[in-house]
Amino acid sequence: MSTPHPTSLSRRGFLTGGALVVSFALAPKAFAQLAGGGEGGAGPAVVAPDLKGSLKSTPWLDAWIRIDADGRVTVFTGKVELGQGIRTALTQVAAEELDILPAAITLVTADTERTPDEGLTAGSHSMQDSGTAIQNAAANVRMLLAAEAARDWGVAADRVTTGGDGSLHAPDGRSLPYGEVAARLSLHVQAVPDAPLRRPSDYRTLGLELPRVDIPAKLTGGPAYLHDMRLPGMLHARVVRGPSVGTSLQSPDLDAVARMPGVVRIVRQGGFLAVVAERQWTAIQALRHLQRAAYARTQSPLPADGTGDAVAATLKALPARDIPIMDTSDPAGPAVRSVKARYTRPWISHGSIGPSCAIARYVDGAMTVWTHSQGTFDVRRVVAELLGLPPEKVHAIHAEGAGCYGQNGADDVAADAAVIAKAMPGHPIRLQWMREQEFGWEPLGPGMMTELEAALGADNRIVSWRHAVWSNPHNNRPVGAGGVLAGNEADPPFPAPEGKPIPMPEGDGSRNSNPLYSFANTHVVYHFLKNMPVRVSALRSLGAHLNVFSIESMLDELAAGAGIDPLAIRLDHMRDERARDVMQAAADRFGWSKRPKGDGRRGCGMAFARYKNLGAYCAVAMEVEVDRETGRTLVRRAVAAVDCGQPANPDGVRNQIEGGLVQSLSWTGREAVRFAADRRASFDWSSYPILRFDDVPGSVEVVVMDRPGAPFLGTAEAAQGPSAAALANAIADATGVRLRDMPLSPERLKAALGPV
Amino acid sequence: MTVTITVNGADHSLDIDPATPLLYVLRDDLELNGAKYGCGLGQCGACTVHIDGKPAFSCLTPIGAVAGRRIRTVEGLGSAEAPGLLQQAFEKEQAAQCGYCIAGMLMRAQALLDRNPDPDEVQIRAHMQTNLCRCGTHMRILRAIRRAVAMRKGVHSAQEVRP
């Protein structure tokens with residue numbers, strides 16, 4: 001039995017009476033649950049605990065790699081392209097370890113009938129789970145090919161080399177193509193744990209900045225998305241609901257819609273209602289007519305509208321289960337200076353630019369669903385339970401959608417489409433949600449709050465650190481029919497399952513609440529709030545966004561009070577060399593030591609986190625300029641440094657970090673879902689404004705640390721927390737005003753600055 | 001009724017409700033994938049096309065209003081095999097993450113370059129303000145537009161366009 005990160009756990013001296021004990025006691029199962037960052041269901045069972053990545057649950061080589069006699073190579077992954085570039089990165093991993101050209105590889109992403117089940121594509125886990133599995137599977141395959149060729153040639157296996165183009169070579173110059181050798185082998189064998197990996201000095205593909213394979217079609221109108229699929233006989237559907245979760249339409253005018261030319265069917269089952277038409281525009285007009293009906297609220301009240309105190313009041317009124325996260329006791333000097341502060345984040349929308357879409361087809365008792373969900377195999381489980389079909393009669397296939405950044409409407413729309421398709425056998429059904437449905441019905445990123453109290457001793461070392469975090473569960477990923485809207489609307493309904501926390505070390509609301517820094521006397525508690533006043537689920541980085549914001553803001557508050565440089569207080573409390581390296585790299589590239597000092601208008605801030613204390617290290621420094629008349633903050637320049645282990649494609653890493661940084665500026669600087677008494681009041685881009693071109697930084701630069709051959713750590717969520725805190729710290733440096741409630745909006749800053 | 005429209009230089013006659021937004025005609029009748037449904041409200045720009053050379057929200061434009069007018073979509077800028085200059089610049093800068101907004105971004109930017117072949121940074125940002133990206137690809141999109149400007153001027157040095 002092994003645990004994923006035993007050294008970091010024991011070294012950090014985590015509390016042994018809390019959630020961690022559970023994850024130790026159930027290690028094989030709990031470890032399987034960590035696929036996809038611990039989100040979603042139990043995931044596939046671990047059958048080979050000694051293997052790496054997702055080979056633990058799918059150890060058979062031919063589940064990952066097939067080589068045809070003509071040398072064509074197919075690689076299978078249970079992860080999916082979300083715009084994060086994983087298709088390209090995994091292709092590079094496979095090409096490197098097989099030692100073939102990337103162009104020779106066809107990569108198949110999650111498909112319940114073709115690929116391994118790797119749980120969700122979430123939690124920055126794809127490189128660790130699938131990258132590591134493919135890397136080791138490919139090394140196994142290369143080893144078997146070399147051994148077979150060696151046998152054929154009568155030479156020692158270690159004398160056989162590969163040529164980088166799918167060929168094997170003997171010392172005497174004889175060679176064989178992979179296809180010919182593979183035809184004599186069965187790859188239906190289990191991987192061995194110690195197949196030698198290629199040396200970083202020999203790399204031909206890994207670490208190259210290859211252009212992403214999916215981008216050309218996206219630039220030219222090629223078929224790139226699920227939305228672009230057109231099946232013969234396909235009909236267009238719209239699902240009909242009230243304005244947001246927890247409402248229902250009263251007496252929609254079905255008769256009038258049934259008479260509309262081009263309307264093919266109205267599907268009504270229990271509380272589920274949809275309209276199906278030959279043309280998309282007809283379906284939309286029918287929907288608009290039905291939406292004229294009055295609506296009523298059917299669920300408990302929504303949170304009070306507002307941010308800061310309003311968020312805190314809502315969360316503090318909910319019953320909490322206290323989960324100890326970290327508890328250390330150390331000898332330390334007396335506190336000389338202490339700071340206590342509360343930080344909040346409102347509910348945030350995923351805000352996908354493309355509303356969720358799915359296509360479903362039901363023929364001869366078998367359902368096929370094309371979905372852009374992050375959990376293709378969960379879509380199968382959900383649809384099977386919802387429609388009473390055996391799971392083997394549900395085929396779920398991933399097709400790309402717009403960026404989701406967590407659980408948006410993708411799972412719901414897939415279930416919706418399946419319900420409609422089941423009612424209309426033989427007709428492929430394309431269903432896309434409308435803009436207001438995506439805003440109104442998707443699960444939001446949970447509102448959160450923290451309270452921190454920390455103290456510095458006489459030697460400027462932190463002598464005590466308390467961190468309490470209040471949060472709803474962030475993992476309400478559907479694993480059964482109760483997790484999707486159509487399930488809740490069925491007759492009888494499938495009830496929504498009770499929310500559960502993700503145990504540490506990954507955590508959900510608790511994610512990154514345990515500081516990586518060495519602080520004396522650290523006490524961290526997670527006030528887990530099971531009851532959800534709003535439908536919520538995973539949003540990129542989960543609780544790390546507010547927890548890192550809180551920790552890194554508090555460090556600057558302490559530093560400012562004691563006159564310590566923000567970089568120095570961090571380095572003084574950090575033993576992890578890689579953490580120190582990214583902080584120093586960001587500071588060096590930024591010119592931290594020569595930065596302009598805060599002058600009332602301009603200022604600089606920095607922040608750091610290692611995502612989940614297990615994933616990528618990321619430090620961010622930025623310079624802001626504040627317009628004191630309006631409170632508007634412009635980021636003049638930002639620099640990030642990231643260590644994600646061996647980067648598969650450094651430009652792909654930069655793209656993710658740049659994007660995460662800009663997205664976090666939008667979340668942190670201006671976003672909050674608004675609530676009316678009976679519905680969500682954010683329903684379009686004017687009632688939920690996000691960052692536009694005028695407000696993005698003057699420049700963003702990303703330093704990717706060179707870590708040859710180091711294990712993959714994942715990248716996608718690493719920038720969210722540090723970017724948020726760096727913004728608050730830069731504003732504080734510029735103005736002397738510390739903003740602790742998101743969004744750090746112009747209105748909030750102007751109010752805090754007072755009259756000019 | 002029958003409506004004839006000209007898309008990327010080709011005429012198409014359709015028997016269609018003239019109130020149908022151009023977006024659905026492009027996507028469902030002409031099977032062009034470039035223009036995307038994002039909001040249906042003219043707020044995000046994912047559906048941007050050119051009508052008589054000017055950028056327009058195809059989600060808000062009734063097909064009956066564009067009969068006889070020149071419509072250009074991202075497919076009209078080039079193909080994966082023979083990409084246009086702006087598409088090449090986006091490819092060089094890898095200016096996409098999920099990419100759902102990108103066809104609209106290209107058409108918005110192309111309209112600027114058609115009118116002003118040498119825009120400065122302030123002009124580019126102001127012009128692109130209309131279009132939303134959620135992945136945070138803005139910095140690369142801006143770089144790609146600057147690169148296209150430089151390419152058009154015959155400056156191919158990456159240093160000229162990379163900050």
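## Two domains in chain B

Chain B splits into domain 1, covering 2-76, and domain 2, covering 85-161. Keep in mind that this is a predicted model. The C-alpha centres of domain 1 of chain B and domain 2 of chain B sit 22 Å apart. On the contact itself, domain 1 of chain B brings 16 residues and domain 2 of chain B brings 13 residues.

What about charge pairing and polar contacts here? There are 0 salt bridges between domain 1 and domain 2 of chain B, but 6 residue pairs are in polar contact across that interface. On the domain 1 side, strand 3 (48-51) and strand 4 (54-57) of chain B each supply at least two residues. Strand 3 of chain B has the largest share, at 3 residues. Sorted by class, the domain 1 side comes out as 7 nonpolar, 7 polar and 2 charged residues.

## Where chain A meets chain B

Now for the contact between the chains: 66 residues of chain A touch 58 residues of chain B. About 5000 Å² is buried between chain A and chain B, and carbon and sulfur atoms account for 52% of it.

Between chain A and chain B there are 6 salt bridges.

Which elements of chain A give two or more residues to the side that touches chain B? They are helix 7 (215-220), helix 9 (280-290), strand 17 (429-432) and helix 18 (650-670). Helix 18 of chain A gives the most, with 11 residues. By class, the chain A side has 26 nonpolar, 24 polar and 16 charged residues.

## Aromatic pairs

Over all chains, the count is 11 aromatic pairs. One of them is A:Y517 with A:F608, an edge-to-face pair at 6.2 Å centre to centre, with 75 degrees between the planes.

This pair links distant parts of the chain, as its two residues are 91 residues apart. A:Y517 is in the loop between helix 14 (485-489) and strand 20 (522-529) of chain A, while A:F608 belongs to strand 21 (residues 602-610) of chain A.

Definitions and conventions:
Residues numbered from 1 in each chain as written. Chains lettered and ligands numbered in written order. Predicted model: local features only at pLDDT ≥ 70, side-chain atom pairs only at ≥ 80, totals over all residues. Heavy atoms only, no water. Domains from an automatic or database assignment. Contact = heavy atoms within 4.5 Å. Salt bridge = Lys/Arg side-chain N within 4 Å of Asp/Glu carboxyl O. Polar contact = N/O pair within 3.5 Å; in protein donor to acceptor, adjacent residues only side chain to side chain. Helix = DSSP H or I, 4+ residues; strand = E, 2+ residues; numbered from the N terminus. Nonpolar A, V, L, I, M, F, W, Y, C, P; charged D, E, K, R; others polar. Phe/Tyr/Trp six-rings, centres within 6.5 Å; stacked < 30°, edge-to-face > 60°. Buried area = accessible area lost by both parts, 1.4 Å probe.
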